[in-house]
Amino acid sequence: MSVLAALLRKELRLELRTFESVPGMVLFSLTIFVVFHFGLDRASVEGDLAAGILVVTLLFAGMLGLNRLYVADEEQGGFDGFLLAPVDRTWLFVAKAIALFAYLVALEIVMVPAFALLLLEPGLGQALPELALVLALTNAGFAIIAALVGAIAVRTRARDLLGPLIALPLLVPVVIAAAGLLEPLLRETGAGGLDAKWLAILGLYDLVFGLLSVAVFDPLLED
Amino acid sequence: MTTAIELADLGRAYGERVALAGVSLTLPAGSTLVVFGPNGAGKSTLLRILATLLRPTTGTVRVLGGELPREAWKVRGRVGLLGHEPMLYRELSARENLRYHARLHGVAAERVDELLDAVGLGARAGDPISTYSRGMVQRAAAARAVLHDPELLLLDEPRANLDPAAAEALEPLLTGTTERPRTRVVTSHDPAGGLAEADVALGLRDGRPVLLGPAADVTVEQIGALYR
């Protein structure tokens, strides 16, 4: 666990010193909301449209985080430094996934109120606990895929393109399940309950891809 | 005397391009192998294979008793690499960088400050690496490479960017102690200086060994011919 703590401390310190990920993700998400606000030519959205906008915006803003996740390690020799250490390489994956999860939470702290203010017809008040649960499961799925795909993409010349190209198809189930879960929470008529089917799908996705990623991450780092 | 490195017909190719081929040698523990050769001769590739960072495409490699890449886990943590990349995060201070590596290697935090003092960076240890001169970065990188007191030290032109005083200050760290001399593989472009510290000399050209033998039997002129 001390290895994980060391990796996490390094990740968070680098982000706090450089502000390379979170501010960019926040600004990007706000920009998308403004574009939707004018592009849809409507004062507000609700239900499935609101759910779709929220999930897609989160996904695209998260892609900025994916693209930056391993850049410092690749450009500054951090990969080699880590690979020379006698530690389980899976810790790097776990640390990157946790760090990105934290960045997504920071993003949502700004993004969700901004979404409610700029676009959403109903308030979020009563749906907040359910919304937090759905976003946490969505973040987990995204962070797992991003930590895995980022490690592949960063070693290629077209990393900014390759990361999203691999990650987006893998994240389609997350988008569908998250939108399915958010739709009743964002209805104009008032928040409905969470659909257990979508909740199970999202939870299962996180579990399966989490285990798969742990299994394949070490060989991925091999030359 | 135990053997630290055994290479038999070692080769490495990047696609069609052969970076290293036909390297066979045995290096006893505690000795220094100095590798000479012009840029692109395969020196850094050899070091990265020995460090477990690259897989050989042909031949066999045994380092510190472990066959690579199959037993790389036995070797990691016993090897130190000072390459062209300092392996230090620019936005972190030297102390933060070394403490990070110390935790990865299970080394006590006190050793970090000892080493930073030893390389003359004690006063600037809290400053970000991005504010250091190239020589200071090289000194911090050297401290990182020996942080875990490795049995085998791989040094890729270790004195690059260092003034003579800094190079001299680093010498004890890089050579080890008389009681426990380090096994070292050093790349160099300095025939006289390289031969002076070598027990065994290897000359590479276009990835192939063209010179190999005890350093005492190799002349500066032979090394110089590699570059012509």
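Analyst: Chain B contains 8 helices and 10 strands, where helices (H or I, at least four residues) and strands (E, at least two) are DSSP runs numbered from the N terminus. The radius of gyration of chain B is 17 Å, close to the 17 Å that the globule rule gives for 228 residues, so chain B is as compact as a globular protein of that length; the radius is taken over C-alpha atoms, and the rule is 2.2 Å times the number of residues to the power 0.38. Taken along the principal axes, the C-alpha atoms of chain B fill a box of roughly 45 × 40 × 40 Å.

This is a predicted model, in which local features need pLDDT of at least 70 and side-chain atom pairs count only at pLDDT 80 or more, while totals for chains, interfaces and linings use all residues. Residues are numbered from 1 along each chain as its sequence is written, and chains are lettered from A and ligands numbered from 1 in the order in which they are written.

The predictor's confidence in each residue, pLDDT, runs from 0 to 100. Chain B averages a pLDDT of 92, and 98% of the residues score at least 70. Within chain B, confidence is highest in helix α3 (residues 94-105), at 97, and lowest in α6(B), at a mean of 84. Helix α6 of chain B covers residues 164-175, and its 12 residues should span 16 Å at 1.5 Å a residue; the end C-alpha atoms are 16 Å apart, which agrees. The expected span is 1.5 Å times one less than the number of residues. After α6(B) comes B:G176, whose phi is positive, near 85°.

Of the 228 residues of chain B, 47% count as buried. A residue is buried if 20 or more other C-beta atoms lie within 10 Å of its own, exposed if 12 or fewer, and partly exposed in between, with C-beta atoms placed from the backbone. Among the contacts in chain B with a separation of 6 or more, 66% are accounted for by residues 24 or more positions apart; a contact requires such backbone-placed C-beta atoms to lie within 7 Å.

Strand β9 of chain B (residues 200-205) is mostly covered, since 5 of its 6 residues are buried. Two strands pair if DSSP finds at least two bridges between them. β9(B) pairs with strand β3 (residues 32-36) of chain B in the parallel sense over 4 bridges, and B:F36 has B:G203 as its bridge partner in β9(B). With strand β10 (residues 208-214) of chain B, β9(B) runs antiparallel, joined by 6 bridges. There, B:R205 has B:R208 as its bridge partner in β10(B). β9(B) and β10(B) form a hairpin with 2 residues between them, and B:D206 in the turn has a positive phi of about 50°.

Two loops of chain B also deserve attention. B:L64 lies in the loop between β4 (58-63) and β5; its phi is positive, about 50°, although it is not a glycine. B:L64 is buried, with 20 other C-beta atoms within 10 Å. In the loop between β5 (66-68) and α2 (72-75) of chain B is B:P69, and the peptide bond that leads from B:L68 to B:P69 is cis, with omega near 5°.

The partner chain can now be set beside this one. Chain A has 10 helices and 0 strands. The radius of gyration of chain A is 18 Å, close to the 17 Å that the globule rule gives for 223 residues, so chain A is as compact as a globular protein of that length. The C-alpha trace of chain A spans about 55 × 35 × 30 Å along its principal axes, and buried residues make up 46% of the 223 residues in chain A.

Where the chains meet, 21 residues of chain A are in contact with 22 residues of chain B. On the side of chain A that touches chain B, the elements giving two or more residues are α1 (2-18) and α5 (78-83) of chain A. α1(A) supplies the largest share of that side, 8 residues. By class, the side of chain A that touches chain B has 10 nonpolar, 6 polar and 5 charged residues. Here Ala, Val, Leu, Ile, Met, Phe, Trp, Tyr, Cys and Pro count as nonpolar, Asp, Glu, Lys and Arg as charged, and the others, Gly among them, as polar. For the complex, the predictor gives an ipTM of 0.91 and a pTM of 0.92.

Terms used: Contact = placed C-beta atoms within 7 Å.
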